Amino acid sequence: MMGMEKLPLAAMRLDKWLWCARFYKTRALAVEEIGRGRVQVNGQDAKPARELRVGDAVALRQGPVARTVVVRGLSGARGPAPVAQRLYEETAESIAARARAAEQRRLAPEPALSLHEGRPTKRDRREIERTRRDWGDRWTASVD
């Protein structure tokens, strides 16, 4: 039939849009994140079937990364990443907050370096043995 062009979408499900925009690898994962309260639309918690329209603000978390984006387009299919990136525009505040968080993670000390408990390393064991040899038969630090 001749006049069967697809009309542009007026609204679509939130979970499907998050999947099409490549925020989550599967729709099931998108549904799970929405269910955990990690996705808000226009400042309100949302359900997976919530109708999303162009101009809506979506706040979401991807692991430790928090983002706020404005919906710029709707797509019926998941496409390549460059096409998916045209479906949204990240807010300036969100970009700045992500940059600050990345910098804090970069400057944060390695947790393992502050760990002084657990199994001794080979170097620690050698030091313990050396100390034991130096002490000899004495059990206490007091001088007899």
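The model is predicted. Helix α2 spans residues 27–35, and its buried residues are A30, E33 and I34. The salt bridges come to eleven in number. D56 sits in a loop, between β4 and β5.

**Helix α2**

- Three residues of α2 are buried, namely A30, E33 and I34. They lie on the same side of α2, because the arc they cover around the axis is only 100 degrees.
- A28 and G35 are exposed, and they are found on the other side of α2.
- The cover over the buried residues of α2 includes α1 (14–20), β2 (39–41) and β5.
- Just after α2 comes G37, which has a positive phi of about 80 degrees.

**R27, a residue of α2**

- R27 belongs to helix α2, which runs over residues 27–35.
- The relative accessible area of R27 is 33%, so R27 is partly exposed. The range for this class lies between the limit for buried, under 20%, and the limit for exposed, over 50%.
- With neighbours within four places in sequence left aside, R27 has contacts with R13, D15, K16 and W19.
- R27 and L14 are 13 residues apart along the chain, and 9.8 Å separates their C-alpha atoms.

**Salt bridges around E33**

- E33 is buried because its relative accessibility is 8%, and the cut-off for buried is under 20%.
- A salt bridge joins E33 to R36, with 3.8 Å between the closest N and O atoms.
- E32, E33, R36 and R38 form one network, joined by salt bridges that share partners.

- E89 and R72 make a salt bridge through their side chains, at 3.0 Å from N to O. This pair links distant parts of the chain, 17 residues apart: E89 is in strand β7 (residues 88–90), while R72 is in the loop between β6 (65–71) and α3 (81–84).
- E90 and R98 form another salt bridge, in which the closest N and O atoms are 2.8 Å apart.
- E90 is buried, with a relative accessible area of 14%, whereas R98 is partly exposed at 29% relative accessibility.

**D56 in its loop**

- The loop that holds D56 runs between β4 (51–52) and β5 (57–62).
- D56 has a relative accessibility of 12% and therefore counts as buried, the limit being under 20%.
- From the side chain of D56 to the backbone nitrogen of R53 the distance is 2.9 Å.
- Residues up to four places away in sequence aside, D56 touches V41, N42, R50, E51, V69, V70 and V71.

Key:
Residues are numbered from 1 along each chain as its sequence is written. This is a predicted model: local features need pLDDT of at least 70, side-chain atom pairs count only at pLDDT 80 or more; totals for chains, interfaces and linings use all residues. Side-chain values use heavy atoms; hydrogens and water are left out. Helices (H or I, at least four residues) and strands (E, at least two) are DSSP runs, numbered from the N terminus. Buried means under 20% relative accessible area, exposed over 50%, partly exposed in between (1.4 Å probe, protein chains only). A polar contact is a pair of N or O atoms within 3.5 Å; within protein, one must be able to donate a hydrogen and the other to accept it, and residues adjacent in sequence count only if both atoms are side-chain atoms. Contact means heavy atoms within 4.5 Å. A salt bridge is a side-chain nitrogen of Lys or Arg within 4 Å of a carboxyl oxygen of Asp or Glu. The arc is that of the directions from the helix axis to the C-beta atoms.
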